[in-house]
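Hi,

Here is the structure I promised to pass on.

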Amino acid sequence: HESAHISRRDIFWSTIAFVLRAVFWINPMAWIAVERITRLRELACDDIASKQASSVFSYAEHLIAIAREIR
C-alpha cells in the first residue's frame with residue numbers, strides 16, 4: 001500500500017492539494033475536494049496493493065495481522 005503511494009507520487013499531489021486548500025480556505029468546495037481526493041487516493045492505493053497480493057483475502061488477513069500487532 002505504502003509503495004503504491006510512492007510510485008503514484010502522492011506526497012507531491014497531496015502537497016499541491018493542501019496548498020490550494022490553504023489559499024482557498026474560505027471556500028467550502030476546497031475542503032470537500034481535498035477530503036474526496038484523500039479518500040480516493042487511499043482507495044486507489046488499496047486497489048493496487050490488493051492486485052499485487054496473491055488474493056484480496058490474503059491482503060485483508062495481512063491488514064488484520066498488522067492491526068492485532070498494534071493493539
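One term before the rest: by a polar contact I mean a pair of N or O atoms within 3.5 Å, where one must be able to donate a hydrogen and the other to accept it. Keep in mind, too, that this is a predicted model. The chain averages a pLDDT of 89, and 100% of the residues score at least 70. Among the elements, α2 has the highest mean pLDDT at 94, while α4 has the lowest at 84.

At its start, a side-chain oxygen of asparagine 27 comes to within 2.9 Å of the backbone nitrogen of methionine 29.

What does α3 pack against? Its buried residues pack against α1 (2-7), α2 (10-23) and α4 (56-70). Those buried residues are Ala30, Val34, Arg41, Cys45, Ala49 and Ser50.

The one I'd like you to look at is arginine 41, which sits in α3. Arginine 41 is buried yet has no salt bridge. Arginine 41 does have a polar contact of 2.8 Å with the side chain of serine 14. Leaving out residues up to four places away in sequence, arginine 41 touches His5, Arg8, Asp10 and Ser14.

Cheers

Note on methods:
Residues are numbered from 1 along each chain as its sequence is written. This is a predicted model: local features need pLDDT of at least 70, side-chain atom pairs count only at pLDDT 80 or more; totals for chains, interfaces and linings use all residues. Side-chain values use heavy atoms; hydrogens and water are left out. Buried means under 20% relative accessible area, exposed over 50%, partly exposed in between (1.4 Å probe, protein chains only). Helices (H or I, at least four residues) and strands (E, at least two) are DSSP runs, numbered from the N terminus. Contact means heavy atoms within 4.5 Å. Lys and Arg count as positive and Asp and Glu as negative; His and the chain ends are not counted. A salt bridge is a side-chain nitrogen of Lys or Arg within 4 Å of a carboxyl oxygen of Asp or Glu. pLDDT is the predictor's confidence in each residue, from 0 to 100.
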